[in-house]
Structures are given as C-alpha cells and as structure tokens.
Amino acid sequence: MIATRLGRFVTTSPALTSFAARRFSPLQFDPEHVASNDEVDVLLEAAGRAPSAGNSQPWAFIVGKRGDGVHAKLVRHLSRSSSAWAPGASMLVANLSQRFVEDTEMDYSEFAHYDLGQAVAHLTFQAHAMGMSVHQFRAFDQDAVAREFSVPSHWEVTTMAAIGVPTAEAWSMTGAGTSRERRSPTQITWARGS
Ligand SMILES: Cc1cc2nc3c(=O)[nH]c(=O)nc-3n(C[C@H](O)[C@H](O)[C@H](O)COP(=O)(O)O)c2cc1C
C-alpha cells in the first residue's frame with residue numbers, strides 16, 4: 001500500500017475517498033457553528049436512505065440542536081466523559097433501534113442493530129460532505145433517555161452522536177479510552193483469493 005500522511009494520525013492509500021481518509025470522531029466542536037433545520041432534514045434523509053434487512057428500517061432519531069429543549073434534555077443524561085465534549089457540538093442525536101414487534105417478545109429484525117449502524121454511517125457520510133463531523137458514543141444513560149422521551153420498550157436507545165464542525169485543535173486531541181489505531185487490511189482479511 002502506498003502510504004501518505006493525512007492529518008496528524010492517518011496513514012492511508014491515496015486511492016481512499018477523503019471521507020474514509022479524514023473522518024474522525026472529534027473531541028471538540030466549534031461552539032459558534034449552528035446547524036440549520038434544512039441541514040438536519042438532509043442528515044435525517046441520508047440516514048433514512050440506508051439499506052436495511054427486508055427494508056425494515058428499524059431506526060428512529062431524537063434530534064436536538066444546541067440551545068433547544070431536546071438538546072437540553074439529552075445533555076442531562078450524558079456521562080461524565082461525554083459531557084466534557086458532546087454538548088458543544090451543533091447537534092446531539094440519540095439513535096434508536098426497534099428491537100421487538102410491539103407488545104410481543106418477537107425480534108422485530110435480527111439485523112436491527114446492524115441496520116441502525118448503517119443508517120448512522122450514511123448520516124456520517126452526508127455530514128462529512130456538508131463540512132461536519134460525527135462522534136458516535138455510548139457514554140450516556142440509555143434508560144434515562146428512553147424515559148425522558150417516552151420511548152416504548154420495543155425500541156432501544158442504542159447510541160448517541162454529536163455532530164458539528166470540529167475545531168482545528170480537535171485534529172490533535174486524544175481521549176481516554178479511545179484510539180485511532182487501526183488493524184491493517186491484511187490483519188482484517190480472514191480469507192482472500194489471489
Ligand atoms: C458504537 C460506538 C460507541 C462509541 N462510544 C464512545 C464513547 O462512549 N465515548 C467516546 O469518546 N467515543 C466513543 N466512540 C467513538 C470511538 O471511540 C471511535 O470511533 C474510535 O476510537 C475510532 O476513532 P475515530 O472514530 O476517530 O476513527 C464510539 C463509537 C461507536 C461506533
């Protein structure tokens with residue numbers, strides 16, 4: 001692989017898209033950047049266009065823009081670690097997956113988590129194209145968010161995402177318990193023909 005240095009930490013093939021090479025999960029966001037309602041609509045549309053098993057679309061989103069009431073409620077349930085950086089993002093989004101068919105113990109889709117992940121990935125591609133970055137995270141109280149927004153028991157509040165414009169400093173910041181190290185293409189290849 002031809003190596004080139006992009007940003008502070010990424011050594012990649014020049015054939016990679018800018019998204020694949022430069023995407024990262026910022027730990028600091030521009031506190032002046034405001035996301036418009038149109039931008040929120042486009043991000044949700046991108047998420048909703050992800051593929052899903054049987055087109056089951058087992059996803060839903062709770063969206064708060066910095067300064068609005070939904071954002072304030074989401075901020076209340078961040079953990080100590082995420083509350084250090086996530087509230088400054090332009091948006092906080094809670095990512096929900098439908099786990100059960102309503103009023104049953106039947107799985108809604110065995111791929112609900114997989115599909116929600118793809119939807120958030122699609123949102124992430126779109127955000128990148130709009131000059132924003134996404135930091136997905138688990139460091140919040142899932143049950144408290146579910147209670148706050150009356151999420152019924154057949155849905156799960158799975159992850160959250162902080163979305164906004166990273167500061168210049170964010171490119172060189174590292175967080176406890178997170179790493180940007182990657183296994184190489186060779187290491188992640190289980191089997192491959194010649
Ligand atoms: C499902 C999921 C949960 C995550 N949880 C956290 C978290 O709780 N706190 C955090 O700082 N980052 C969290 N991350 C971000 C990862 O730590 C990050 O993606 C990884 O270290 C690779 O760094 P990069 O995204 O900058 O390439 C999470 C990412 C995913 C996909």
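Strand 3 (59–65) and strand 4 (91–98) run antiparallel and are joined by 7 bridges, where strands count as paired if DSSP finds at least two bridges between them. Helices (H or I, at least four residues) and strands (E, at least two) are DSSP runs, numbered from the N terminus. The model is a predicted one, so to speak of local features takes pLDDT of at least 70, side-chain atom pairs count only at pLDDT 80 or more, and totals for chains, interfaces and linings use all residues. Residues are numbered from 1 along each chain as its sequence is written.

Gly 64 has Leu 92 of strand 4 as its bridge partner. On its other pairing, strand 4 runs antiparallel to strand 6 (155–164), with 8 bridges between the two. Within that pair, Asn 95 stands opposite Thr 159, and Leu 96 is partnered by Val 157. Strand 6 is also antiparallel to strand 5 (133–137), this time through 5 bridges, and here Gln 136 has Ala 161 as its bridge partner.

How much of strand 4 is buried? The count is 8 of 8 residues, so the strand is largely enclosed by the rest of the structure; buried means that 20 or more other C-beta atoms lie within 10 Å of a residue's own, exposed means 12 or fewer, and partly exposed is in between, with C-beta atoms placed from the backbone. Met 91, Val 93, Asn 95 and Ser 97 point one way from the strand, while Leu 92, Ala 94, Leu 96 and Gln 98 point the other way, and all are buried. Strand 6 is mostly covered too, with 9 of its 10 residues buried.

The largest nonpolar core holds 36 residues, and Leu 92, Val 93, Ala 94 and Ile 163 have the most contacts inside it. Such a core is a set of buried Ala, Val, Leu, Ile, Met, Phe, Trp, Tyr and Cys residues joined through C-beta atoms within 7 Å. At least two residues of this core come from each of helix 2 (37–48), strand 3, strand 4, helix 4 (112–129), strand 5 and strand 6. Leu 92 touches Gly 64, His 71, Leu 74, Val 75, Ala 86, Met 160 and Ala 162, leaving aside residues up to four places away in sequence; contact means C-beta atoms, placed from the backbone, within 7 Å.

Helix 4 also carries His 113, which is partly exposed, with 15 other C-beta atoms within 10 Å. His 113 touches Ser 97 and Thr 158, again not counting residues up to four places away in sequence. The C-alpha atoms of His 113 and Ser 52 are separated by 10 Å, though these residues are 61 residues apart along the chain.

Then there is the ligand. Among the residues around it are Phe 24, Ser 25, Gln 136, Thr 159 and Arg 180, a residue being near if its C-beta atom, placed from the backbone, lies within 6 Å. The shell divides into 3 nonpolar, 7 polar and 2 charged residues.

Two loop residues have backbone angles worth a look. Gln 57, in the loop between helix 2 and strand 3, has a positive phi of about 45° although it is not a glycine. Ser 150, in the loop between helix 5 (142–148) and strand 6, has a positive phi of about 50° and is not a glycine either. Gln 57 is partly exposed, with 19 other C-beta atoms within 10 Å, whereas Ser 150 counts as exposed, with 6 C-beta neighbours inside 10 Å.

Terms used: Nonpolar A, V, L, I, M, F, W, Y, C, P; charged D, E, K, R; others polar. Contact = placed C-beta atoms within 7 Å.
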